[in-house]
Amino acid sequence: MIEIKGAIKHYDWGGYYYLPMLLDNHDARQPFAELWLGDHLAGSSTLVDGSPLSAWIEAAPEYRLGKKVVEQFGQRLPYLFKVLDVREPLSIQVHPTLEQAKQGFARENARAIESHCRNYKDDNHKPELMLALSDFYLLHGFRNVTESMNELKKYKSTVSLASLYQELGLKAFVSTIFSLPESELNSLVSPIVEQYRLSYQQNEISKSQSLFWFMRSALRAERERLPFDAGLIMIFIMNLMYVPKGAVVYQDAGVPHAYLEGQNIELMANSDNVIRAGLTAKHVDVQELLAITRFETITPEVLSGVPTNDGGIEYRVPAKDFQLREYHLRQGQVLTTPDEEGACIWFILSGEVRLANQQHYSGAGSAFYQRPGEVNIIDAKTEVTLYRASIPQ
């Protein structure tokens, strides 16, 4: 196995402490939002000599990815492994199916759409698995109709929206709120902000309430001098999930979602395709949003892992591009890496190990690339938690 270094993304919603401490990086003068481990061209990992992992793979794809991977996914890793530190809510997002991504990418290429206005940065889908590394909050899918209407009826300025929701149905309602002029959105949102501003500032609103995240997002828009957008209304009609440390949530194509707070591991298909649905100053394409979103109410699920023969815990989701396995090793325990048909990425979350093919020790934040068919021995020098991304067998 070879050691790799992840690409760091300094988005403004990121934190200042978690990733710098994990990576032993003391330059935290800007937010550290995401660590990318993979060969995506927007943030390829590097080898220890500083050369891109993407170029190294391209030089010998079958040897470094595996024949099965190349035949099924082409000459690139099928997955992208990330670690996120979410300090402020992200934009509400929807990801396309594989067919939608292929069509959308070709369409935007033909029209020569500029980068900042694109929905499709590549031709791949982006199903996602997230594993909470702390208490984690997110929006996930549309909540049931009764709960949505009751939420809208709580506030005098949005009572009329509850009737509109009942009259139009979910898709037409979302279309309507995204077509409202800025002045009308302001008249819906501002009264709620003013009524609850002091309560929010004095911690009198629970994080288990949609109102808390509405206020956090609205006040951030105020600070950044951005107009209120329809994403603030979306908060009231989406499921608010609390995910305890160690639990997993799967985001399939077409399901709107937004990370709100916490740290997590995210494993996804190797793509950067995002269609935004508010809570953002970035491009929002309402027509594309309406075209690819699944306008159905869902009951959110937290997934449990399945024990494996080698002592790991596997998180199985209906994606062909990736699979996540978790290991907890005792001090002195040895793990022989499984002989896989495709390339794997390993990440150490905590503890210290030594690999059989290395002289030095590796601690939290270290990552490794395992070629197909390669076997190595991981020797735990302390209690260790580590993760392996691979393709499903």
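Visitor: Start with the second largest pocket. Which residues lie nearest its centre?
Guide: Phe 73, Leu 98, Asn 124, His 125 and Asp 321. The lining has 20 residues. Bear in mind that this is a predicted model.

Visitor: What's its volume?
Guide: About 320 Å³ for the second largest pocket.

Visitor: Which helices supply at least two residues of that lining?
Guide: Helix H4 (67-73) and helix H5 (98-110) each do.

Visitor: And how does the lining divide by class?
Guide: It has 10 nonpolar, 4 polar and 6 charged residues.

Visitor: OK, the largest pocket now. What volume?
Guide: About 880 Å³. Its lining takes 40 residues, with Trp 13, Ser 91, Arg 276, Thr 280 and Lys 282 nearest the centre.

Visitor: Which elements give two or more residues there?
Guide: Strands E3 (34-37), E5 (79-86) and E11 (257-269), plus H10. E11 gives the largest share, 4 residues.

Visitor: Switching to packing. How many residues are in the largest nonpolar core?
Guide: 52. Phe 214, Met 215, Met 234 and Ile 237 have the most contacts inside it. Helix H10 (residues 210-223) gives the most to this core, 8 residues.

Visitor: What does Phe 214 touch, beyond four places away in sequence?
Guide: Val 189, Ile 192, Val 193, Leu 232, Ile 235 and Phe 236.

Terms used: Residues are numbered from 1 along each chain as its sequence is written. This is a predicted model: local features need pLDDT of at least 70, side-chain atom pairs count only at pLDDT 80 or more; totals for chains, interfaces and linings use all residues. Side-chain values use heavy atoms; hydrogens and water are left out. A nonpolar core is a set of buried Ala, Val, Leu, Ile, Met, Phe, Trp, Tyr and Cys residues joined through side-chain atoms within 4.5 Å. Buried means under 20% relative accessible area, exposed over 50%, partly exposed in between (1.4 Å probe, protein chains only). Contact means heavy atoms within 4.5 Å. On a 1 Å grid over the protein atoms alone, a cavity is a set of points where a 1.4 Å probe fits but cannot get out, and a pocket is an open set with protein on both sides within 12 Å along at least five of seven lines; lining residues have an atom within 4 Å of a point. Grid points are joined across faces, edges and corners, and a volume is the space filled by probe spheres set on the points. Ala, Val, Leu, Ile, Met, Phe, Trp, Tyr, Cys and Pro count as nonpolar, Asp, Glu, Lys and Arg as charged, and the others, Gly among them, as polar.
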